[in-house]
Amino acid sequence: MIRHIARWALALGLAFMGVMHFVQTRGFRGLIPDWATRVTGLDKDGVVVASGAAELALATGLIALPKERRRIGWATAVFFVAVFPGNIEQWRTHRSAPGLDTDTRRLVRLFLQPVLILWALWSTRAR
């Protein structure tokens, strides 16, 4: 039961942040390292929108595809690993984003990333 609740909470958090990437695209640009635009071929807004779409897809999958739960758990964990360089870039450059407007909050966010990775794996029994 607790894994079920944790999975739903993770899905809701992902969905919320996914929507925020569309609503406040400009606010998330600071998380995008310059190299990410070269690697993806997208501008910073494109990377923000793409990551928001990925968050919405993962959130949907966590809830709507119970037979694929483990795979989606792994995909979610990989996503959290993939966006970690953006969190480091934001902390390193002191750029603000929605809810991350102080150095302390940005630093705490770095330590939250491993928790999110483990949460994704644990709540989907993907470990």
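**Entry 1: Ala77**

I looked up Ala77 and placed it in helix H5; helices here are DSSP runs of H or I with at least four residues, and strands are runs of E with at least two, numbered from the N terminus. The model is a predicted one, in which local features need pLDDT of at least 70, side-chain atom pairs count only at pLDDT 80 or more, and totals for chains, interfaces and linings use all residues. I note also that residues are numbered from 1 along each chain as its sequence is written, and that side-chain values use heavy atoms, with hydrogens and water left out.

Is Ala77 buried or exposed? Ala77 counts as buried at 4% relative accessibility; buried means under 20% relative accessible area, exposed over 50%, and partly exposed in between, with a 1.4 Å probe and protein chains only. I then listed what Ala77 touches, not counting residues up to four places away in sequence: Ile117, Ala120 and Leu121. Contact means heavy atoms within 4.5 Å. I also took the C-alpha separation of Ala77 and Asp45, which is 23 Å for 32 residues along the chain.

**Entry 2: H1 against H5**

I examined the packing of helix H1 (residues 2-23) on helix H5 (residues 69-93) and found an angle of about 45°, with the axes 13 Å apart. Axes are lines fitted to C-alpha atoms, for helices over the stretch in contact, and angles run from 0 to 180 degrees between N-to-C directions. H1 and H5 are therefore oblique to each other; angles under 35 degrees count as roughly parallel, over 145 as roughly antiparallel, 65 to 115 as roughly perpendicular, and the rest as oblique.

I recorded the crossing of H1 and H5 as left-handed, a term for a near helix turned anticlockwise from the far one by less than a right angle, clockwise being right-handed. On the H1 side the contact is made by Arg7, Leu10 and Leu14, and on the H5 side by Arg69, Thr76 and Phe80. I sorted the residues of this contact into 3 nonpolar, 1 polar and 2 charged. Ala, Val, Leu, Ile, Met, Phe, Trp, Tyr, Cys and Pro count as nonpolar, Asp, Glu, Lys and Arg as charged, and the others, Gly among them, as polar.

**Entry 3: Salt bridges**

How many salt bridges does the structure hold? I found 6, taking a salt bridge as a side-chain nitrogen of Lys or Arg within 4 Å of a carboxyl oxygen of Asp or Glu.

One of them joins Lys44 and Asp34 at 2.9 Å, N to O. This pair links distant parts of the chain, 10 residues apart, with Lys44 in helix H4 (residues 44-64) and Asp34 in helix H3 (residues 34-40). Asp34 is partly exposed at 42% relative accessible area.

Asp103 and Arg106 form another, with the closest N and O atoms 2.8 Å apart. Because they lie 3 residues apart in helix H6 (residues 103-123), about one helical turn separates them. Asp103 is partly exposed at 36%, whereas Arg106 counts as buried at 4%.

Glu68 bridges to Arg71, the closest N and O atoms being 3.5 Å apart. Glu68 is partly exposed at 33%, and Arg71 is exposed at 64%.

Gly61 sits in helix H4 and is buried, with a relative accessible area of 4%.

Where is His94 placed? I located His94 in the loop between H5 and H6. Its phi is near 60°, a positive value in a residue other than glycine.
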